[in-house]
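Reader: I am new to this structure. Could you take me through it, one feature at a time?

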Amino acid sequence: MSATTPSNANATPQIAKTLCPYCGVGCGLEVVETGKEPTLKFPDRFKVRGDRSHPSSQGMVCVKGATIAESIQKDRLLHPMMRDRLDQEFRQVSWDEALDAITDQIQQVLATKGADALCMYGSGQFQTEDYYIAQKLFKGCLGTNNFDANSRLCMSSAVSGYVKSFGSDGPPCCYEDLDLTDCLFAIGTNTAECHPIIFNRFRRHHKKNPHVKLIVVDPRCTQTAEVADLHLAIQPGTDIDLLNGIAHLLLLWDKCDRQFIDNHTTGFAEFAEITQLYTPEFVSRRCGISIEDLELAAKYWAESQRVLSIWSMGVNQSTQGTAKVQCIINLHLLTAQIGKEGAGPFSLTGQPNAMGGREAGGLAHLLPGYRSVVNPEHRAELEAFWQLPSGKISPQVGRTAWDMIRGLEANEVDFLWIAATNPAVSFPDLVRTKAALRRSPFTVYQDAYYPTETSAFAHILLPATQWSEKTGTMTNSERCITLCQSFQPPLGESRADWEIFAEVGRRLGFTDKFPFQNSAEVYAEFAQITRDRPCDITGISHAKLSELGVIQWPNPDHTPEPDRKHNKRLYTDRQFHTSDRRARFGSYHSQGVFEVPDEQYPFILTTGRLYGHWHTQTRTGRIDKIRQMYPNPFIEIHPKDAAKFGIHNGDLVEVKSRRGSSKFPALVTEAIARGVLFVPMHWGTLWADNAEANALTHPEACPDSKQPELKACAVAISKPLK
Ligand SMILES: Nc1nc2c(c(=O)[nH]1)N[C@H]1C(S)=C(S)[C@@H](COP(=O)(O)OP(=O)(O)OC[C@H]3O[C@@H](n4cnc5c(=O)[nH]c(N)nc54)[C@H](O)[C@@H]3O)O[C@H]1N2
Ligand SMILES: Nc1nc2c(c(=O)[nH]1)N[C@H]1C(S)=C(S)[C@@H](COP(=O)(O)OP(=O)(O)OC[C@H]3O[C@@H](n4cnc5c(=O)[nH]c(N)nc54)[C@H](O)[C@@H]3O)O[C@H]1N2
Ligand code: SF4
Ligand SMILES: [Mo]
């Protein structure tokens, strides 16, 4: 459909179909005119409603999607701005002046320190076209792989876990599996608050079918855990103990699928050996759960025809993130719960287009089309495709998110370009992060809003168009691609991210590499690069998406027409992407959390999300309804721990870690285990005084995925402050 055709002459005029720009569920939205004059509170002429024809959400939306229109026009960055030093005021400049300063700096850095001193830090809130052009500019034209994204803090353990177990990234399941499963194993995910439409979908099935089980593994009794048939409130960081413990019982009871293991996997013997240690007594002690509960979890796994696992940050954000993902997959390999309806290991993506970012190669070790920078054939394929000299793409893994901070500290980074993310709130160890950002000789920050906490650290601000003002594609957790149409003009002088990257490329002399007139042309080029790759989308284009609506990948251009739209499950033929086509068991012992509580810092602090807020509040903090839902930040503490310190509900307490301190009103609740504290990640310095979760966290990361352990650090709490 076209962006302007009304769907029905009698109904409210429909302006466009698009996707909710918040979470990885990827709910379809219809945009309709309000028919009212804009007011200060509702400055937009449109509102949104769920799109019933979208297969992923079937018309449902949560409070974030439903209120999106309210934030779009507030506090926008409208013009390029510049300053020489961080202690100066910004002055408005023309695009020419801003882009000249950027290209001058890039050229100067290339001439002095070389490409390794250039960095870009992007986001799962880019559209795929933005991601692709940034890869072509940095990894292709500039010859550095120093492009990383906030997905490093989010999905990179899932990516490396899938690659290690299956030989390729790519969540193999689909949302229909939520309607078909007999047992949902939800580990390290507060789905009810963070992927609510997925959760609602499963709950309908759960309520209707009494045999269907929900197991929730989370140290807190979240809204997800409240409705579980079995809640395993494990000690933070003991997931591998639990997963190996379940495997131990399945092996002991002979509930494994030996034929599948023999025909389609390798590494079983070593894995079976490792699980010997994880006896019920040992696991119960390590995890802090009863033997009965552990046995019940294993029983549900053993007796369910179809088991679907879902997970997100409680698993990924860990110093053993990759190992945890592989340990989840191990259970699916043991029981052949993969490649069939209602089953499989399903990583829920966080951001609306973190999946598209993976397809476009948007992390420091990746290249477009699920390729890797360390693979010489992959580099050669892209050099040929981009018509670059052989050897132009660096064989070195680029700087990951935290390596950029280290690079700034060591004076090795002279140019930092941050876009569509707010690291001055979302990075670990903010004291160190901010100090490093303050040292940066030249930081460009490209965002839709002003101010954000990160704008304080920028020399140049570039105004970006956002959702509603730019056209491009996004891929959700179940590999469904939706075209997000622009339906209103850019505000002020803002430009689409990909257009800004392409313009810088042209100004640097790579004129022939960035000839694109619109994002459809960008997508067409990107699609060709995916040919014969696991994420083949050669059959998809903006035109096809307009014609057919949502399309799921893989979708090669030779796909027969009836199957064009859906490719629901991967590995239905049980052929994996490894060299021998077999999946790999991963054998790991549990190491627990990196920072173990001690006398000085006796609590484990964990961090996470609330239903109404989105990350650093750039949008949701500007929506009255959501602000009223959560007037203050808080810290959850168990009543017995609170009593020991004389803390009552609402008392202000100071929390300290080895790196920093913050203050929060106490929320005394039995939803949290003794010895564990929880704070939401949403309150940066613009929204509260000194209530930053990440003033406390540490950057120690998984050795494979380089994803920091944002879910656990050791802290101390004070008696109530006056
Ligand atoms: N409302 C809302 N929804 C969102 C977002 C948002 O900001 N707001 N953000 C989106 C993004 S980008 C992401 S990544 C997802 C995140 O979605 P989730 O991962 O569901 O969210 P979190 O609250 O970060 O963490 C999930 C749970 O992990 C638990 N946890 C902590 N430590 C451990 C552990 O050691 N083991 C286990 N098993 N669990 C542990 C926490 O108690 C928490 O309940 O949400 C997406 N959806
Ligand atoms: N303690 C703790 N810290 C965490 C986490 C945690 O669980 N605990 N989770 C981590 C995870 S999983 C994530 S994903 C990160 C998220 O952290 P961030 O990425 O820092 O958070 P957001 O608030 O989503 O920032 C997105 C920014 O993009 C801007 N934006 C939106 N659309 C566009 C666009 O089209 N173009 C441009 N240029 N800008 C746009 C918005 O205005 C906003 O400023 O936080 C991480 N940090
Ligand atoms: S569940 Fe996610 S995608 Fe759907 S409306 Fe809510 S925030 Fe948007
Ligand atoms: Mo995320």
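Reader: Where is proline 554 found?

Author: This is a predicted model. Proline 554 sits in the loop between strand S21 (551–552) and strand S22 (583–584). Look at the bond that leads into this residue. The peptide bond from tryptophan 553 to proline 554 is cis, with omega near 5°.

Reader: Which peptide bond to proline 451 is cis?

Author: The one from tyrosine 450, and its omega is near -5°. Proline 451 lies in a loop too: strand S17 (443–447) stands on one side of that loop and strand S18 (460–463) on the other.

Reader: Now backbone angles. What is the phi of glutamine 387?

Author: It is near 55°, a positive value in a residue other than glycine. Glutamine 387 belongs to the loop between helix H17 (376–385) and helix H18 (401–409).

Reader: Is glutamine 387 buried or exposed?

Author: The cut-off for exposed is over 50% relative accessible area. Glutamine 387 has 64%, so this residue is exposed.

Reader: And what about glutamine 617?

Author: Its phi is positive as well, about 70°, although glutamine 617 is not a glycine. The residue lies in the loop between strand S23 (603–608) and helix H24 (624–629).

Reader: Why does glutamine 617 count as buried?

Author: Buried means under 20% relative accessible area. Glutamine 617 counts as buried because its relative accessibility is 2%.

Reader: Next, sheets. How do strands of a sheet pair?

Author: They pair through backbone hydrogen bonds, either parallel or antiparallel. Here, an open sheet of 5 strands shows parallel pairing, in the order S10-S9-S8-S12-S13.

Reader: Which strands stand at the edges?

Author: Strand S10 (230–232) and strand S13 (344–347). Each has a single partner strand, so one side of each is left without a neighbour in the sheet. On average, neighbouring strands of this sheet are turned by 15° against each other, direction ignored.

Reader: Over how many bridges do strand S8 and strand S12 pair?

Author: Over 5 bridges, in the parallel sense. Strand S8 covers residues 183–187, and strand S12 covers residues 307–311. Take one bridge to follow by eye: isoleucine 187 has tryptophan 311 in S12 as its bridge partner.

Reader: Which strands does helix H7 touch?

Author: Helix H7 (residues 196–208) packs on the sheet and touches S8 and strand S9 (213–217). The direction of H7 makes about 140° with that of S9. Helix H4 (residues 156–166) lies across S12 and S13. H4 runs at about 155° to S13.

Reader: Now a helix on its own. How many residues does an α-helix have in a turn?

Author: It has 3.6 residues a turn, so residues three or four places apart point the same way. Take helix H3 (residues 128–142), which has 15 residues. From its first C-alpha to its last, H3 reaches 20 Å, close to the 21 Å expected at 1.5 Å a residue.

Reader: How many residues of H3 are buried?

Author: 15 of its 15 residues are buried. Glycine 143 follows H3, with a positive phi near 75°.

Reader: Last, the ligand. Which residues come nearest to ligand 1?

Author: Asp218, Gly237, Asp239, Arg609 and His613 come nearest, of the 33 residues around ligand 1. Next, look at single atom pairs. A backbone N or O atom of glycine 188 is 3.3 Å from a nitrogen atom of ligand 1. Asparagine 190 places a backbone N or O atom 2.8 Å from an oxygen atom of ligand 1. Arginine 220 uses its side chain: an N or O atom there is 2.9 Å from an oxygen atom of ligand 1.

Note on methods. Residues numbered from 1 in each chain as written. Chains lettered and ligands numbered in written order. Predicted model: local features only at pLDDT ≥ 70, side-chain atom pairs only at ≥ 80, totals over all residues. Heavy atoms only, no water. Helix = DSSP H or I, 4+ residues; strand = E, 2+ residues; numbered from the N terminus. Buried < 20%, exposed > 50% of the residue type's maximum accessible area, 1.4 Å probe, protein only. Pairing = 2+ DSSP bridges. Axes fitted to C-alpha atoms, helices over the stretch in contact; angles between N-to-C directions. Contact = heavy atoms within 4.5 Å. Expected span 1.5 Å × (residues − 1). Near = heavy atom within 4 Å. Polar contact = N/O pair within 3.5 Å; in protein donor to acceptor, adjacent residues only side chain to side chain.
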